[in-house]
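User: I am new to reading protein models, and I would like to go through some features step by step. Could we begin with the pockets?

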Amino acid sequence: MVIVLAAGGGTRMKSSRSKLLHEVAGHSLLGYSVSAATEIGPEEVVVVVGHQRDQVQAHLAEIAPHVRTAVQEEQLGTGHAVECGLAALADLAQLPPEIVVTYGDVPMLTSETLLDLLFEHRTQRASVTVLTATIADPTGYGRIVRDTDGHVARIVEHRDADDETRAITEINSGIYVFDSATLEAGLGQLDTDNDQGELYLTDVLAYARSIGGAVAAHRIADHWQTEGINDRVQLSAMNAEMNRRILLDWMRAGVTILDPATTWVHSSVDLAPDVTLLPGTSLEGATSVAAGATIGPEVTLKDVEVGEGATVVRAHAELSVIGPGADVGPYARLRPGTRLGAKGKIGTFVETKNAQIAEAAKVPHQTYVGDAEIGRGANIGAGVIFANYDGVNKSTTVVGDYSFVGSNSVLAAPVVVGDGAYVAAGSTITGDVGSGDLGVARGRQRNIRGWVLRKRAGTKVAAAAQEALDSAAGTSDETPAAREAKESNGR
């Protein structure tokens with residue numbers, strides 16, 4: 001079984017949200033820890049919660065409903081936290097022979113490392129096996145003190161260590177495998193005779209040695225797997241390192257990433273070979289990008305499916321599908337429910353929401369498409385508004401195959417524009433347009449002659465109008481009054 005310690009206050013994070021719910025590469029710190037624990041196939045996973053436990057328990061119910069939780073009402077040390085975890089298993093007839101203890105804020109820790117730790121524990125027939133690493137600056141970590149034979153003699157917390165001990169660079173990760181009988185007995189021997197007045201889990205190692213048990217260590221080269229998160233500086237560093245590794249893996253898998261320094265990809269994203277990511281790209285959630293697609297520059301996609309050969313430039317999309325060979329952007333926003341068909345286009349300053357845009361249909365520029373179905377090959381002119389909301393209800397507009405909607409039109413839903421129909425530019429369509437028909441809904445143009453000269457006399461506009469009239473009449477040296485007098489005399 002695995003006990004995940006997740007009860008700490010996380011005060012250095014200075015957040016109203018539990019430290020464990022902060023994210024690295026799109027997933028919570030606790031989520032990584034629980035996944036690593038679950039993947040080794042334990043009989044039970046117990047998460048010990050305490051500070052902000054309502055948040056933590058709600059999150060666990062969402063991401064890992066299979067785990068048990070145990071409450072540590074007061075944070076009295078790691079030993080006390082493990083006691084609380086064991087208490088949650090009181091209904092079991094007996095404990096499993098091995099108990100793994102890990103933490104909720106070590107997102108880099110992998111299930112492979114936990115399995116290696118278990119293998120070392122079994123190979124050494126140890127009572128306790130500790131995961132260790134050597135780091136350049138071990139400040140704040142417990143130090144691994146070995147005996148003359150190189151075996152683990154004890155672990156000394158940084159605050160309790162003298163200068164000689166603090167010079168040791170091999171650190172305790174806080175991650176262990178215990179023989180369950182040794183753990184239960186050792187917890188019963190703990191006391192608070194230390195700098196913090198807490199029950200240290202590390203003292204169980206000294207107990208194990210005192211009864212003749214072996215204490216083994218499994219040292220790993222990748223110290224990031226032992227790194228915990230205590231503040232936002234460490235969170236930022238962990239995000240950068242995780243992202244660096246994710247991008248390296250994708251580049252080695254055949255993805256071109258032009259500028260890794262400005263490209264961010266969540267651990268749950270899926271990319272095919274020959275995808276190209278340009279600077280300023282952020283791929284989040286369950287986004288997937290098919291072969292030959294180009295994303296960027298300056299694109300954010302969250303839970304978006306992108307088809308083969310598609311291009312997305314300077315756009316933001318969420319919960320949408322972009323078909324093969326489709327073209328999106330620049331400066332487009334695809335809101336949830338958008339589905340763009342193969343070779344379709346959503347262009348500049350276009351916003352879509354719950355819009356089904358079929359194969360080869362085009363919405364090129366300056367358009368809002370909400371709650372719409374646009375047929376194959378249809379063309380939507382500049383400045384068209386799909387008016388889907390009447391203040392109470394949202395309704396759907398349907399535009400048929402190969403239809404054309406002229407610029408600056410308004411389609412007031414619910415309305416249907418049939419296959420092969422036209423809507424004249426500037427129309428406000430409130431009724432259906434039949435297949436093959438031309439829908440026109442605008443007032444007839446009327447020009448009021450001489451209005452500017454009468455109503456805006458003395459302005460630059462009037463002067464320009466006068467000059468144009470004079471030039472057209474071939475009498476640029478005459479005023480209107482002079483021309484009128486000449487014409488009167490002629491009559």
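Analyst: Let us begin with the second largest pocket, which is lined by 25 residues, and of these Tyr32, Pro107, Leu109, Thr110 and Met242 lie nearest its centre. A pocket here is found on a 1 Å grid over the protein atoms alone, as an open set of points where a 1.4 Å probe fits, with protein on both sides within 12 Å along at least five of seven lines, and lining residues have an atom within 4 Å of a point. This is a predicted model, in which local features need pLDDT of at least 70 and side-chain atom pairs count only at pLDDT 80 or more, while totals for chains, interfaces and linings use all residues. Residues are numbered from 1 along each chain as its sequence is written, and side-chain values use heavy atoms, with hydrogens and water left out.

User: Which elements give two or more residues to the lining of the second largest pocket?

Analyst: Helices (DSSP runs of H or I, at least four residues) and strands (runs of E, at least two) are numbered from the N terminus. Here the elements are helix 1 (29–39), helix 4 (111–123) and helix 8, and helix 1 gives the most, with 7 residues. The space in this second largest pocket is about 510 Å³, where a volume is the space filled by probe spheres set on grid points joined across faces, edges and corners.

User: How many residues line the largest pocket, and how do they divide by class?

Analyst: The largest pocket, with a volume of about 1600 Å³, is lined by 48 residues, and Arg12, Tyr103, Asp105, Gly140 and Asn230 lie nearest its centre. For the classes, Ala, Val, Leu, Ile, Met, Phe, Trp, Tyr, Cys and Pro count as nonpolar, Asp, Glu, Lys and Arg as charged, and the others, Gly among them, as polar. The lining of the largest pocket divides into 17 nonpolar, 23 polar and 8 charged residues, and strand 10 gives the most to this lining, with 4 residues.

User: At what angle do helix 3 and helix 6 pack?

Analyst: Axes are lines fitted to C-alpha atoms, for helices over the stretch in contact, and angles run from 0 to 180 degrees between N-to-C directions. Helix 3 (residues 78–87) and helix 6 (residues 180–188) pack at about 125°, with their axes 10 Å apart. Angles under 35 degrees count as roughly parallel, over 145 as roughly antiparallel, 65 to 115 as roughly perpendicular and the rest as oblique, and helix 3 and helix 6 are therefore oblique to each other. Contact means heavy atoms within 4.5 Å, and Gly79, Val82, Glu83 and Leu86 in helix 3 meet Leu183, Glu184 and Leu187 in helix 6. By class, this contact of helix 3 with helix 6 has 4 nonpolar, 1 polar and 2 charged residues.

User: How does helix 6 pack with helix 7?

Analyst: Helix 6 and helix 7 (residues 203–210) pack at an angle of about 110°, with their axes 9 Å apart, and that makes helix 6 roughly perpendicular to helix 7. The contact is made by Thr182, Leu183, Ala185, Gly186 and Leu187 of helix 6 with Val204, Tyr207 and Ala208 of helix 7.

User: Where are the cis peptide bonds, and what is the phi of Arg125?

Analyst: Most residues other than glycine have a negative phi, and most peptide bonds are trans. The peptide bond from Gly296 to Pro297 is cis, with omega near 0°, and a cis peptide bond also joins Ala413 and Pro414. Pro297 lies in the loop between strand 18 (294–295) and strand 19 (299–302). Arg125 has a phi near 50°, a positive value in a residue other than glycine.
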